[in-house]
Amino acid sequence: MPGRFLPPKKIECQTVTPILADSAAPRSRTQRQSILKQIMGMPAGAIFLVFMALQIVCIAGALLYPNEFRYLSPQNLTILMKAVPVLGCLALGAGVLMIAGEFDLSIGSVYTFTAVLMASLVGAGVSAFVAAPLGILAGVLIGLLNGQITIRFGLPSFIVTLGGLLFWRGAVLLYNGAVQVRFDPEPVFTSLFSGTLLGINAAFIWIVLFVVGFHFLLHRHRFGNHVFATGGNRGAAEAIGINTNRVKLIAFAIAGGMAAVAGILATARVGSVQPGQGAGLELQAIAACVIGGLSLRGGRGSIIGIFLGVLLIHTITDVLLLLRAPGFYLDMFIATLIVLAAIFNHLIERRGVA
Amino acid sequence: MSNLLELHNISKSFGALTALRNLSFHIGEGEVVGLLGDNGAGKSTTVNLISGIHKPTDGYLSVDGRKTLFTCRSDSADAGIETIYQHTALVDSLSITRNIFMGRELTDRFGFLRQAEMREIAMEVLQNAVHISGIDSPDTLVGNLSGGQKQAVAIARAVYFKKRVLLLDEPTSALSVRETEALLNQVLKLKAENVSSVLVTHNIYHAYQVCDRFVIMSHGTKVFDVAKADTTINQLTDYVVLT
């Protein structure tokens, strides 16, 4: 039978390829490095490995104990997809600003404030398609205000936006009181931001689009290069003629605008706004950035890293919930992860490799 | 024939402090000038003035014989003057390519980077314009380079953007012996391509190796201006130390 001769042939091919690879290897240093080292050398490579390892363990666990550990159940995957976008939007904005060398602690409060603003406008009869852009505009303006104060007076943005955090949290209560606001937009609006497309949650599609867009903006566009230069070495950037104040101002605006976008996604999902819902989110967003490999001193990091940081936080939260761990374990786990990530990043920075 | 850059009776005061007094000197086409002097002689103020960071209190600069006023860094850059500071020139967390094109990126109509093109140019500049040992890829992060390699990248940037005068502020103070040698050769090579250089330094020996002319400053003004042929290293040392 001719088919019986096929297996030996295959083996022959397999024996040829390794020899080729061996003879080609010494030519360049990068080829000699193992794939593992190559991935570690890429931006966000280390976080990618951690993320993949966690996924493999989770998927293996779910396949072995499908009834006890329902990681792969459709319900769980939907919960994950719904949870990621809000923190994702906040972290993308906060991350761009962090790479530019500044912080924004007010995004959690801005997220709530703009959501309340949008929901109450819709409650007053305004179309959601008008109210949502107005919410984003409010977020952008608040970001610009934070930036102006920081730059004009030469203050640390940490302090300015700490003020912002308290101010806008108070503004929510002043404007609305401590009651929840119902959000009843047109059905088209709801399905656009919290419906499903081909079984995938709409908000998740949005966050993926944002990640792709931000990736191109930061890593493939002139503006991104200026952001890295501003955060990496402000003196050098200015010496070469980059207007670093303008770059920072735009980054502040992006952080504020993305906080408002997060507010829209969250509000469309739940159908109402709680005045206290944003508390602590700003810290989670910064945590996601740090886990994703951003330097607290600015100038380093990647959009993919930020997104992986967000995914990692939510995967771990999800796993702990599935294992029915008490709530305080979540915080302790995330806390450990942040510190470990910061130590790891610091070691990489000192070695000068990123 | 007019000189490339001239300083005419320049004075600069910061409040009650007079940093420069009645300073005049010139830099010719393809000339390497050593600006020497002890600490506090006013060298850095002079560099900042030429690169447009400071404005003169009195007096003026002229480029190609035309009186000009530099109000900011980009004015001097437009006139073809590139200042290479020791520490502030490059961003460590960006690649060599991105540093070379920082602020002057090649982009398409929408501002997206033409990465392949920039990478190719960077590769060419690194291989041909400046010979830097140990750099194998323009994708290397500048933070991984040595002091001399960093300066070579900064020079490569100036060369690619066709600058006419390089102001090198204390270029050799952080370099190894071999790197210093490479840097000084680089200056001579640029001179052959008609690029002028100003070496601001207090290392007279390094300056003596490559400079055509020496301007010695003390207490904010020029005390000596001499061509290399008319002086000796001992005389230069005396002027720097004793005035």
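Two strands are taken to pair if DSSP finds at least two bridges between them. By that criterion, Gly34(B) has Leu199(B) in strand 8 of chain B as its bridge partner. Helices (H or I, at least four residues) and strands (E, at least two) are DSSP runs, numbered from the N terminus. This is a predicted model, in which local features need pLDDT of at least 70, side-chain atom pairs count only at pLDDT 80 or more, and totals for chains, interfaces and linings use all residues. Residues are numbered from 1 along each chain as its sequence is written, and chains are lettered from A and ligands numbered from 1 in the order in which they are written.

- Strand 8 (residues 196-200) of chain B is largely enclosed by the rest of the structure, because five of its five residues are buried; a residue is buried if 20 or more other C-beta atoms, placed from the backbone, lie within 10 Å of its own, exposed if 12 or fewer, and partly exposed in between.
- In a regular strand, side chains alternate between the two faces of the sheet.
- Ser196(B), Val198(B) and Val200(B) point one way from strand 8 of chain B, while Ser197(B) and Leu199(B) point the other way, and all are buried.
- Strand 3 (residues 32-36) of chain B runs parallel to strand 8 of chain B and is joined to it by four bridges.
- Strand 7 (residues 165-169) of chain B also pairs with strand 8 of chain B in the parallel sense, over five bridges; here Asp169(B) has Val200(B) as its bridge partner.
- The chain passes from strand 7 of chain B through helix 6 (residues 177-192) to strand 8 in a right-handed β-α-β crossover, right-handed meaning that, with the strands pointing away from the viewer, the path from the first strand over the helix to the second runs clockwise.

**Antiparallel elements of chain B**

- An open sheet of four strands, with antiparallel pairing, has the order 2-1-4-5.
- Its edge strands, each pairing on one side only, are strand 2 (17-27) and strand 5 (66-68) of chain B.
- Strand 1 (residues 5-14) of chain B is joined to strand 2 of chain B by seven antiparallel bridges, and Ser13(B) stands opposite Thr18(B) in strand 2.
- Helix 1 (residues 43-50) of chain B lies across strand 1 and strand 2, running at about 65° to strand 2; axes are lines fitted to C-alpha atoms, for helices over the stretch in contact, and angles run from 0 to 180 degrees between N-to-C directions.
- Strand 9 (residues 213-218) and strand 10 (residues 221-227) of chain B pair in the antiparallel sense over six bridges, with Lys222(B) in strand 10 as the bridge partner of Met217(B).
- These two strands form a hairpin with two residues between them, and His219(B) in the turn has a positive phi of about 45°.

**Domains and chain contacts**

- Chain B is divided into domain 1 (5-80 + 164-242) and domain 2 (90-150), with bounds from an automatic or database domain assignment.
- The C-alpha centres of these two domains lie 28 Å apart.
- Seven residues of domain 1 of chain B are in contact with four residues of domain 2 of chain B, contact meaning that the C-beta atoms of two residues, placed from the backbone, lie within 7 Å.
- Between the chains, 21 residues of chain A are in contact with 22 residues of chain B.
- Helix 11 (222-232) and helix 12 (234-239) of chain A each supply at least two residues of the side of chain A that touches chain B; helix 11 gives the most, with six residues.
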